[in-house]
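Have a look at the structure first.

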Amino acid sequence: SADDAEYPLPDFLRGSRYAGTVNIGIVGPSGAGKSTLINTLRAVRAGDPDAARVGSRETTLMPTMHLYRDIPSARLWDLPGAGTERFPAETYIRDTGLRFFDVAVLVTATRVTELDQMMLNALLDFNVPCCVVRSKIDIDIRNESEDHNQTEEVTKQNVLAEVNQALRRVSDSYLVSKQPYEHDVPRLRQTLLALVCSRGKDASATKCPICVRPFSIRAGGQHELMACYRCKRGLCRSCVGELKNTITGVVPCPFCCGEFKNFERHHHHKQQQQQQQQQQQQQQQQEQPGHYPVSESEPGREGQGTAEAGFLSGETIPS
């Protein structure tokens, strides 16, 4: 095809046993914090033997692969920064083979640039799911607190609004620092886990790809199937809840950059349906012959309805 000719599989992917694996590309401009994010996602320190190299200068000069967690088939790729002399913006999409990644994480820092927008548009045009990450949120929180006495929540709201306004093709973004268990890092891990597991050989349409529990048919249950409004792919209710952005209330879909819209309202609607069904069942039982409901206004008659029903049906009632 024309894409194959214009954007061929790069040599670094071809030589890495690309087939049968799930490849997550960490992309973004130089200095955005891509290598730091890889260490954060893997919960390793910068000085550990298998950590990605980090520093104030450009440290990632060639695409570098890191195994992700305990999933043998999942690999994180630390890609060189875009817009540098080695990887100019004009050829970055081709040189890094962005179209061949199963998942991408676009890392931004400070303000969103035209380069960020170009990379996001290219990834989505190639149908590569993309998570937008705003790094160094801890620095923003500290600066806004010291300079303007602003709370952490307000700072996060402002940063999210700015990123989401500039990158409208995604429904949500993730605020992270280098701390592996703070801010949106656990939520980002959960999103990546859904994407990795959904592409595994053991993926099943009857089970949630994250927790691997069978979908429940009970409305409002923990493992009820919840489907994305855009791509129609599903997760269980429990795992969808863990993807919710506590600042904006958005529940992003990890598969298509859409969202699980009206998640809470849908849950409430399901609960109402379940309650109505229970009330209908109770009413049908009360209308059955031999059923004598006991009025709460008649004290001392507890259990008489059951006894009378047994008498009418011919059962022996103990004295």
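How many of the six residues of strand S1 (residues 22–27) are buried?

## Strand S1

Keep in mind that this is a predicted model. Six of the six residues in S1 are buried, so the strand is largely enclosed by the rest of the structure.

Five bridges join S1 to strand S3 (residues 74–78), and the two run parallel; Val 22 stands opposite Ala 74 in S3. Another four bridges link S1 with strand S4 (residues 103–108), again running parallel, with Val 27 opposite Leu 106 in S4.

## On to S5

Ala 104 has Cys 130 of S5 as its bridge partner.

Five of the five residues of S5 are buried, so S5 is largely enclosed by the rest of the structure. Cys 130, Val 132 and Arg 134 point one way, Cys 131 and Val 133 the other way, and all are buried.

## The cavity

Rolling a probe the size of a water molecule over the atoms shows where empty space is left. The count here comes to one cavity of 30 Å³ or more, and the largest cavity has a volume of about 100 Å³. Of its 13 lining residues, the closest to the centre are Cys 130, Cys 131, Tyr 174, Cys 253 and Cys 257.

Which strand gives the largest share of the lining? That would be S5, with three residues. By class, the lining has 10 nonpolar, two polar and one charged residues.

## Rings and a charge

A search of the whole structure turns up three aromatic pairs. One of them is Tyr 7 with Phe 126: the ring centres are 5.2 Å apart and the planes are at 80°, so the pair is edge-to-face. Tyr 7 lies in the loop between helix H1 (2–6) and helix H2 (11–14), and Phe 126 in the loop between helix H5 (114–125) and strand S5 (130–134), so the pair ties together parts that are 119 residues apart in sequence.

There's also a charge over a ring: Arg 233 lies over the face of Phe 255, at 4.3 Å from the ring centre.

Terms used
Residues are numbered from 1 along each chain as its sequence is written. This is a predicted model: local features need pLDDT of at least 70, side-chain atom pairs count only at pLDDT 80 or more; totals for chains, interfaces and linings use all residues. Side-chain values use heavy atoms; hydrogens and water are left out. Rings of Phe, Tyr and Trp (its six-membered ring) pair if their centres lie within 6.5 Å; planes under 30 degrees apart count as stacked, over 60 as edge-to-face and the rest as tilted. A charge sits over a ring if NZ of Lys or CZ of Arg is within 6 Å of the ring centre and within 35 degrees of the ring normal. On a 1 Å grid over the protein atoms alone, a cavity is a set of points where a 1.4 Å probe fits but cannot get out, and a pocket is an open set with protein on both sides within 12 Å along at least five of seven lines; lining residues have an atom within 4 Å of a point. Grid points are joined across faces, edges and corners, and a volume is the space filled by probe spheres set on the points. Ala, Val, Leu, Ile, Met, Phe, Trp, Tyr, Cys and Pro count as nonpolar, Asp, Glu, Lys and Arg as charged, and the others, Gly among them, as polar. Buried means under 20% relative accessible area, exposed over 50%, partly exposed in between (1.4 Å probe, protein chains only). Two strands pair if DSSP finds at least two bridges between them.
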